[in-house]
Amino acid sequence: MHGNGVNMDDYETHDDRRLLPGTGFTIEPGVYFDDFGIRSEINMIVQAHDAILTGPLQTAIVNLI
């Protein structure tokens with residue numbers, strides 16, 4: 001579920017809130033055309049001094065249709 005968390009890319013709105021340890025977030029790069037679209041989702045969690053992946057690394061494109 002998407003919430004009103006920190007907007008880290010500064011694309012849609014300026015946001016200067018910090019990510020606190022224990023915060024989870026996703027990186028969702030995508031490319032969308034009229035007849036085709038693709039998005040990847042990388043799940044992360046912030047720790048005291050770094051951020052780590054929380055799931056497996058995607059190695060293939062999965063067709064959802």
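Two strands pair if DSSP finds at least two bridges between them. I wrote that down before opening the sheet. Strands themselves are DSSP runs of E, at least two residues long, and helices are runs of H or I, at least four long, both numbered from the N terminus.

**Ground rules.** I am working on a predicted model, where local features need pLDDT of at least 70, side-chain atom pairs count only at pLDDT 80 or more, and totals for chains, interfaces and linings use all residues. Residues are numbered from 1 along each chain as its sequence is written, and side-chain values use heavy atoms, with hydrogens and water left out.

**Entry: overview.** I counted 0 helices and 5 strands in the protein. Read from the N terminus, the elements go β-β-β-β-β. Next I looked up burial (buried is under 20% relative accessible area, exposed over 50%, partly exposed in between, with a 1.4 Å probe and protein chains only). Of the 65 residues, 8% count as buried. I also noted the accessible surface, about 6,100 Å², with 56% of it on carbon and sulfur atoms. Such areas come from the Shrake-Rupley method with a 1.4 Å probe, and for residues only the protein chains shown count as cover.

Entry: I found an open sheet of 3 strands in the order 1-4-5, paired antiparallel. Strand 1 (24-27) and strand 5 (51-53) are at the edges; each has a single partner strand, so one side of each has no neighbour in the sheet. I then checked how strand 1 meets strand 4 (residues 42-46): they pair in the antiparallel sense over 4 bridges. Phe25 stands opposite Met44 in strand 4.

**Entry: Gly22.** Is Gly22 buried or exposed? I read a relative accessible area of 55%, so Gly22 is exposed. Gly22 sits in the segment before strand 1. Contact here means heavy atoms within 4.5 Å. Leaving out residues up to four places away in sequence, Gly22 touches Ile45 and Val46. Gly22 and Ile45 are 23 residues apart in sequence, yet 6.4 Å apart in space, C-alpha to C-alpha.

**Entry: a nonpolar patch.** Patches take residues with over 30% relative accessible area and no salt bridge; like charges are joined within 9 Å, nonpolar side chains (Val, Leu, Ile, Met, Phe, Trp, Tyr) within 5 Å. A salt bridge is a side-chain nitrogen of Lys or Arg within 4 Å of a carboxyl oxygen of Asp or Glu. I found Val31, Phe33, Phe36, Ile38 and Ile61 in a nonpolar surface patch, with about 510 Å² of accessible area together. Val31 belongs to strand 2 (residues 30-32). Its relative accessible area is 40%, so Val31 is partly exposed.
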